[in-house]
Amino acid sequence: MDALPLAPQSQAVAKPAIPPAFFGETVTWVHHWTESQFSFRCTRDPALRFVAGQFAMIGLVVDGKPLVRAYSMVSPPWDEELEFLSIKVANGPLTSRLQHIKVGDTVLIGKKPTGTLLTENLLPGRTLWMVSTGTGLAPFMSLIREPDVYEKYERVVLMHGVREVKELAYHDYIERELPEHEFLGEMLRGKLLYYPSVTREAFRTQGRVTTLLESGQVCRDLGLAALSPEQDRVMLCGSEAMNADVKALLEARGFTEGSNSEPGTYVLEKAFVTK
Ligand code: A2P
């Protein structure tokens, strides 16, 4: 009787018990951009609903308990899977583990996405500015693929500031693939203006997003009028320092902050995960 085949369940990897506030989803793709940034995709429960720009609590079961952080969805609401962009911090409680996920692993996805980077939190305007640094790009990756955004705005500007060129996650996708996208291409061609900038090495556009906005350089480069609360709407997502600096710059020009209770001429969210 020593030749009995193994029962299938004896080979299966034990799946963690999923806490009730979460969906347990399966990782389908992982891409490491640099030693400090990666993206991954996972399955999406059909019951998970979200609006472009929102975030959810996501993470892993560790020692039988959920270890989660807020992550903005990179994927648009119409995508049948979910995608996220994360930093990797060697001693970060979550990202030190999350950076090792592989296809087939289980991740926790919070059932209640939320957030303020929503077009409905902004008053009507002509140009929508999305200003990000680092992984603050994430919610804007979802928004630039949301058809509703192009119906509401004549123009969409996406600024992404990073230290080094290799940190420009999704650069090639935005520049090359998106304009050719079967459904979105036509809608966003000529309307989406992508403006990456790099602070610590040579690149075609250099400098902090704050400096580029303050000096008017970005408007000159894109052939746009100076930023004004009459026609421009702004969404910010970056480090606390970046958010505070851009907020001050906008408020000095008469912009007012919008929220889920009252729309304004700009909204902000911090790029959450730093550990
Ligand atoms: P810098 O290289 O001048 O510090 P980080 O990786 O630290 O999150 O930074 C991402 C990008 O955000 C970098 O280009 C960094 O520029 C820039 N940055 C940092 N602080 C601010 C700020 N207060 N305002 C605008 N950009 C900032």
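**Close-up views of a predicted model**

**View 1. Strands β1 and β2 form a hairpin with two residues between them.** The model is predicted, with local features needing pLDDT of at least 70 and side-chain atom pairs counting only at pLDDT 80 or more, while totals for chains, interfaces and linings use all residues. Residues are numbered from 1 along each chain as its sequence is written, and side-chain values use heavy atoms, with hydrogens and water left out. Helices (H or I, at least four residues) and strands (E, at least two) are DSSP runs, numbered from the N terminus. Strand β2 covers residues 37-43 and runs antiparallel to β1, to which six bridges join it. Across this pairing (at least two DSSP bridges between two strands), W29 stands opposite R41 of β2.

**View 2. Strand β1 is also joined to strand β6.** β1 (residues 22-34) and β6 (residues 106-110) run antiparallel and are linked by five bridges. E25 has V107 of β6 as its bridge partner.

**View 3. Residues around the ligand come from β8 and α9, among others.** The surrounding residues (a heavy atom within 4 Å of the ligand) include T133, G161, V162, T199, T210 and D245. β8 (155-162) and α9 (240-252) each supply at least two residues of this shell. The most comes from α9, with three residues. By class, the shell holds three nonpolar, four polar and four charged residues. Here Ala, Val, Leu, Ile, Met, Phe, Trp, Tyr, Cys and Pro count as nonpolar, Asp, Glu, Lys and Arg as charged, and the others, Gly among them, as polar.
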